[in-house]
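I opened my notebook to record what I looked up in this model. The entries follow in the order I made them.

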Amino acid sequence: MTESQPTTSADRQYTGLSSEEAAQRLQQYGPNALVTKKVSLFRLLFGYFWGPIPWMIEVAAILSAAVQHWMDFYIITALLLFNAGVGFWQEFTAGNAVEALKKELAQQARVLRDGKWLVINASGLVPGDIVRIRLGDVVPADARLVDGDYISVDQSALTGESLPVTKKQGEDVLSGTIVKQGEVLAEVTATGQSTRFGKTAGLVEQAKTVSHFQKAVLNIGNYLIYVSLTLVAILVLVQLHRHTPWLDLVQFALILTVASIPVAMPAVLSMTMAVGAMLLSKKKAIVTRLESIEEMASMDIICSDKTGTLTQNKLTLGDIETFEAADAQEVLLMASLASREEDRDAIDSAVIQGLTDNELLTSFQQSKFVPFDPVHKRTEATVRDPQGETFLVTKGAPQVIMEMANLTGDDLKKANKAVNAFAAQGYRALGVGIKKGDKHDWSFLGIISLFDPPREDSKKTIEMAREYGVHVKMVTGDNLAIAKQIAGKLGLKTNILKSDILPKDIKTIPGDSLGQEIEEADGFAEVFPEHKFSIVKIIQGRNHITGMTGDGVNDAPALKQADVGIAVSGATDAARAAADLVLTSPGLSVIITAIEEARRIFERMNSYAIYRISETIRIMVYVVVAMLLFNFYPITAIMIILLAFLNDIPIMAIAYDHTRLEQEPVRWDMHSVIAVGTAMGIVGVIGTFGMQLLAMDWLKLSVSEIQTYVFLQLSVAGHLVLFVARSKDHFWKRPWPAPVMVWSTVITKVAATFLAAYGFGFITPITWPEIALIWGYSICSAFVTDLVKVQVYRHLRHQAPREQHFISRMKRSLFN
């Protein structure tokens with residue numbers, strides 16, 4: 001997909017490569033992209049047969065073959081293949097989802113081809129291409145500057161130099177460096193792996209980070225493994241003392257361990273996050289780091305840019321205050337000449353559109369243009385008029401133009417009064433100046449006012465964020481008066497602080513009173529990009545999970561520092577590279593959608609953790625204690641394998657489940673999860689023992705029939721526990737489970753029921769009335785488990801304020 005741009009007088013001498021030549025060079029040099037090591041599908045699949053858990057299953061299969069339990073051998077092998085297949089498919093699908101999202105964020109480049117400017121994916125650049133690079137761009141390839149005064153580039157990522165480096169015509173710039181000032185044309189000299197960046201990247205192995213939430217879930221997995229191994233060790237020692245055949249015992253112990261360990265955990269994690277990321281991408285929010293979805297669930301403060309995020313970024317022309325200009329149109333004409341239409345800058349467009357006669361511009365020739373940069377805060381152009389005379393025009397921050405024109409006395413008072421009057425209305429002021437002939441000073445022509453109205457959805461979005469417990473802080477470079485004016489229109493309070501309150505050194509930790517003042521502020525005015533980093537750092541230090549929006553190259557450090565960095569629509573390549581979430585539509589409303597989805601994902605993961613703890617305790621404790629008490633296998637190895645099969649399928653459906661949406665930010669509460677999971681697990685152990693005693697003492701069944709009873713009860717009750725664990729309230733209340741979760745559970749329960757009824761050579765069959773009894777018992781058991789769960793949650797809720805009160809008293813006594 002390409003987009004044409006007009007050619008300017010400054011680059012008419014270049015025609016660029018032809019399309020045919022570019023295509024030939026692309027074949028010769030390859031795409032302008034780093035060669036990434038991709039693991040082959042075979043190697044990826046093989047990985048699921050290699051590791052502690054697969055080894056245990058494989059040893060169990062070998063032992064089954066050794067004792068000639070061929071049915072066990074076939075089913076264990078099928079379990080191994082099933083686990084490998086499910087894990088492989090989930091990782092493959094999640095990987096494809098992430099790759100698809102990354103393609104939507106492909107870096108763009110402005111390139112001259114066939115004499116026309118085009119916007120193409122940077123991967124299509126070849127040596128010899130002429131590209132235009134300017135403020136905010138990430139340099140797309142190694143290149144040599146061929147036209148333009150200079151650019152200032154940040155190449156710290158490659159060279160370690162902390163300060164930007166100035167590059168002039170004839171000098172080289174490196175791929176991956178960031179343009180801080182200026183605009184130039186450059187000829188590409190190297191692409192892809194041949195660039196300095198490509199050679200450096202080839203020497204570096206990038207480590208994958210694990211989020212806080214993943215670490216918590218994996219810690220639960222490790223805890224369950226230790227519990228399982230301890231119980232199995234006790235079982236093996238006691239049964240060996242009882243002279244149980246060691247081959248049978250080791251095979252059973254291995255299978256029991258495998259069934260209790262959360263084998264599906266990595267697949268559930270990946271699938272749940274990938275499904276959430278794909279849903280967000282359809283709603284115009286692209287996740288660049290899957291784990292950041294979890295951070296969004298905990299986010300309680302968003303620092304949002306004003307321009308283009310809270311406002312429309314469609315500047316409207318307001319009143320014009322004239323000084324040395326004959327009328328308002330002369331001010332606009334000179335301001336238009338100090339603009340470049342093809343750059344599509346919002347201010348330039350508003351100024352040019354204000355002219356009553358655009359044809360006037362064609363009689364002037366712009367021979368040189370210096371674009372706006374954050375340091376000088378103005379644009380400047382060298383212009384030749386119809387009579388052939390050359391003059392300079394400039395537009396920018398009024399204070400800068402006023403100083404250049406050396407305004408004094410009444411003119412200075414008049415200018416300051418105009419700027420303040422515009423600011424009080426929420427208008428942005430733009431000074432315009434001209435310098436003719438050999439004059440030393442500039443002439444101050446006038447002040448243009450521009451207004452960026454709030455987005456229609458901003459006020460509602462801020463209200464919704466507040467309802468979800470997320471406080472929005474406005475961050476703007478505008479002065480305090482404009483910031484307060486806009487804050488009032490957006491429904492924010494007007495406790496806006498100026499940036500000079502922030503510490504001069506970003507490493508300085510502010511005092512408690514200053515930290516609290518920053519924490520309680522509704523926004524910040526007169527902010528430079530480096531201030532954003534300090535704001536984020538200070539708020540994080542006050543124990544807040546902080547989001548930060550940005551679009552410019554200088555916002556990248558703050559986006560990287562924030563728990564959730566959000567690159568807004570139209571952001572530079574550098575900002576998008578540093579962000580966790582990239583918005584492809586204007587405004588903040590999509591962030592609310594991201595928060596909602598993140599909290600739903602958190603609930604799904606929370607449900608899974610509770611379910612896994614409950615099931616591990618139920619199966620492991622029951623089986624081990626039952627064998628120690630009654631000295632027979634309460635369930636066979638083959639039944640445990642079948643249970644693992646039947647449990648894995650509904651667990652995968654958790655990624656699509658409907659969940660309750662929390663109204664406040666959620667954080668990982670390990671104490672609550674372990675307490676609820678353990679309580680549910682203990683109820684499950686008691687319930688299964690009740691089923692066994694019913695079969696043994698009341699119905700006087702044989703051991704093989706008791707094993708079938710226990711198998712069906714564990715299967716049916718286990719799936720019902722999945723529905724109990726998914727909500728903090730009673731499981732029959734809304735939100736009801738997703739259809740895919742219900743049907744996957746129904747199918748597996750029906751399969752377990754038919755296995756119990758007909759056996760199929762795997763287990764001893766039982767009668768349909770007995771099956772009805774087990775179903776009724778399991779359903780009653782689920783209601784009991786649900787009542788216990790609700791009571792535990794209520795106890796935890798009542799306990800939390802008392803604990804908080806105790807901690808507060810301790811803090812007060814310590815400080816006193």
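Is H243 buried or exposed? I looked it up: H243 is exposed, with a relative accessible area of 71%. My cut-offs are under 20% relative accessible area for buried, over 50% for exposed, and partly exposed in between (1.4 Å probe, protein chains only).

**Ground rules.** I am working with a predicted model, where local features need pLDDT of at least 70, side-chain atom pairs count only at pLDDT 80 or more, and totals for chains, interfaces and linings use all residues. Residues are numbered from 1 along each chain as its sequence is written, and side-chain values use heavy atoms, with hydrogens and water left out.

**Whole chain.** I found 27 helices and 23 strands. Helices (H or I, at least four residues) and strands (E, at least two) are DSSP runs, numbered from the N terminus. Of the 816 residues, 52% are buried.

Most residues other than glycine have a negative phi, and most peptide bonds are trans. I went back to H243, in the loop between α7 (212-241) and α8 (246-260). Its phi is positive, near 65 degrees. D114 is not a glycine, yet has a positive phi of about 55 degrees. D114 sits in the loop between β2 (108-113) and β3 (116-121). It is partly exposed, at 46% relative accessible area. I also noted a cis peptide bond from R734 to P735, with omega near 0 degrees. P735 lies in the loop between α25 and α26.

**Helix α26.** I checked its length. At 1.5 Å a residue, the 20 residues (739-758) should span 28 Å, and the end C-alpha atoms are 28 Å apart, so the two agree. The expected span is 1.5 Å times one less than the number of residues. Buried residues of α26 include M741, T748 and L755. G759 follows α26 and has a positive phi, near 75 degrees.

**A helix pair.** Next I took α24 (residues 670-698) and α25 (residues 703-725). Their axes come within 10 Å and cross at roughly 155 degrees. That makes α24 roughly antiparallel to α25 (the cut-off is over 145 degrees). Axes are lines fitted to C-alpha atoms over the stretch in contact, and angles run from 0 to 180 degrees between N-to-C directions. Contact means heavy atoms within 4.5 Å. Among the contact residues are M680 and M691 in α24, and Y709 and L714 in α25.

**Last entry.** G308 is in helix α11 (residues 306-310). G308 is buried, at 19% relative accessible area. The C-alpha atoms of G308 and G550 are separated by 10.0 Å, though 242 residues apart along the chain.

Conventions: Angles under 35 degrees count as roughly parallel, over 145 as roughly antiparallel, 65 to 115 as roughly perpendicular and the rest as oblique.
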